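Hello,

Here is the structure I promised to pass on to you. Have a look at it first, and then read on for what was found in it.

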Amino acid sequence: MSALSPVLKQATPVLAERGEGVHLYDESGQAHLDFTAGIGVTSTGHCHPKVVAAAQEQVGKLIHGQYTTVMHKPLRTLSERLGEVLPNGLDSLFFVNSGSEAVEAAMRLAKQATGRPNIVAFQGGFHGRTLAAASMTTSATKFRSGYGPLMSGVALAPFPNCFYYGWDEETATKFALRELDQLLATVTTPADTAAFIVEPVLGEGGYVPANTAFLRGLRERADRHGILLIIDEVQTGFGRTGKFWGHDHFDGKPDIIVTAKGLASGFPLSAIAASKELMARAWPGSQGGTYGGNAVACAAAIATLDVIQEEKLVENSAERGEQLFAGLREVAESYPVGGQGGIGDVRGLGLMAGIEFVTGDGSPDGATAARVHAAASERRLLLLTCGTQGQVVRMIPPLVVNGEEIDEGLRLWRESV
Ligand code: PLP
């Protein structure tokens, strides 16, 4: 008899049998309030009837029609529909299956298009677990240790992480941009730098939002030096942050967007978008993947876009996010950082909320975060942790969550803390 590898550490003891809306139901039929959404994937809620119907209908017509062989209708329609929500000028799409693959596709495109070998990534960023994606990932050492050498040519610059540095936004941003300039003057000259890759909100790195001055600073340097700006919206796209794209909060202007997670309500699908001119500079045959743009996943993604629009999920994310943050800040006030430690920070955007636990001397407190996380699981509130030491408990409920469900989540959170 075989079993799953122990390397797959399960965050909760739940054996999920079925899902509906913001709830997962276990074998005994008990409901668990799911504030993880499959790590920010099932934004339309578990098994949204429209997504289910679209996928079922497509399964009966065509499951797989590989895009280097034939075009199929769900892929063509999805490309048109995504064109309506992508930033102006990003009118060319390419599909694969996961966030990591899409990150690699963006990296490959940037290097081929510029003919330059290096990438600048930002400290605390997470871009995936495949080799090139992991090489650009620094949110925790576990993602990049024990199997090197990683891809060479990745230079790291600071992210304006105010809580980490203990600085205000302006100071942290000036520091980050100054260090970036220094890096471009010494470690990787502009002539060698293909792209910057950045998340609008550090995800695995602890739910740390970027800011407008920082993203404008990146854009300005990218324009000045002919460097491409890749914005990794894998976790932040499709309304997660209360705007359609995470970078919409910060006047971000990407050359390449990377998307996945919220795109297809749980079907494996990811995409990169760029201008036609840029996309045409990828070397023919260098991009692709057997399952990329799978017909059933594309049909589910079209239904997902319908649901996001019809049920105003972006607006709901912003409104329910305000409610969530107000409640989380109230709880945090009862646990200020003292000799025993406490809640050091509550941060994020929309329905992407992180609560950072610190020890009495202000160090990351992964142990307390783990205990609170376990206490929440016992109360059937499913959460996740992130950050360098797992010190940040995060909440990413499906975007269909309603006011009562947020209140219920907050009640269980208060008890757990
Ligand atoms: N990029 C970001 C910002 C992510 O949050 C993730 C996954 O959490 C990835 C890339 C990698 O996506 P995947 O796990 O689908 O490979």
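Before the strands come up, a word on terms: two strands pair if DSSP finds at least two bridges between them. Helices (H or I, at least four residues) and strands (E, at least two) are DSSP runs, numbered from the N terminus. Please keep in mind that this is a predicted model, where local features need pLDDT of at least 70, side-chain atom pairs count only at pLDDT 80 or more, and totals for chains, interfaces and linings use all residues. Residues are numbered from 1 along each chain as its sequence is written.

Let's begin with the sheet of 7 strands. It is open, has mixed pairing, and runs in the order β4-β12-β11-β10-β7-β5-β6. At its edges are β4 (92-96) and β6 (154-157), each of which pairs on one side only. On average, neighbouring strands here are turned by 20 degrees against each other, direction ignored (axes are lines fitted to C-alpha atoms, for helices over the stretch in contact, and angles run from 0 to 180 degrees between N-to-C directions). Within this sheet, β5 (residues 118-122) and β7 (residues 193-198) are parallel partners over 4 bridges. One of the residues to look for is Val120, whose bridge partner in β7 is Phe196.

For contacts, the C-beta atoms of two residues, placed from the backbone, must lie within 7 Å. Helix α4 (residues 99-114) lies across β4, β5, β7, β10 (228-232), β11 (256-259) and β12 (270-274), at about 25 degrees to β12. Helix α7 (residues 169-186) lies across β5, β6 and β7, and runs at about 150 degrees to β6.

Next, the ligand. It is surrounded by 15 residues, the closest being Ser98, Gly99, Ser100, Gly128 and Val234 (a residue is near if its C-beta atom, placed from the backbone, lies within 6 Å). Helix α4 gives the most to this shell, with 3 residues.

Finally, there is an open sheet of 4 strands, with antiparallel pairing and the order β13-β14-β17-β16. Because β13 (342-349) and β16 (384-386) each have a single partner strand, one side of each is left without a neighbour in the sheet. Neighbouring strands of this sheet are turned by 30 degrees against each other on average, direction ignored. β14 (residues 352-358) and β17 (residues 392-395) pair in the antiparallel sense over 4 bridges, and Ala353 stands opposite Met395 in β17. Helix α12 (residues 366-378) lies across β14, β16 and β17, at about 35 degrees to β17.
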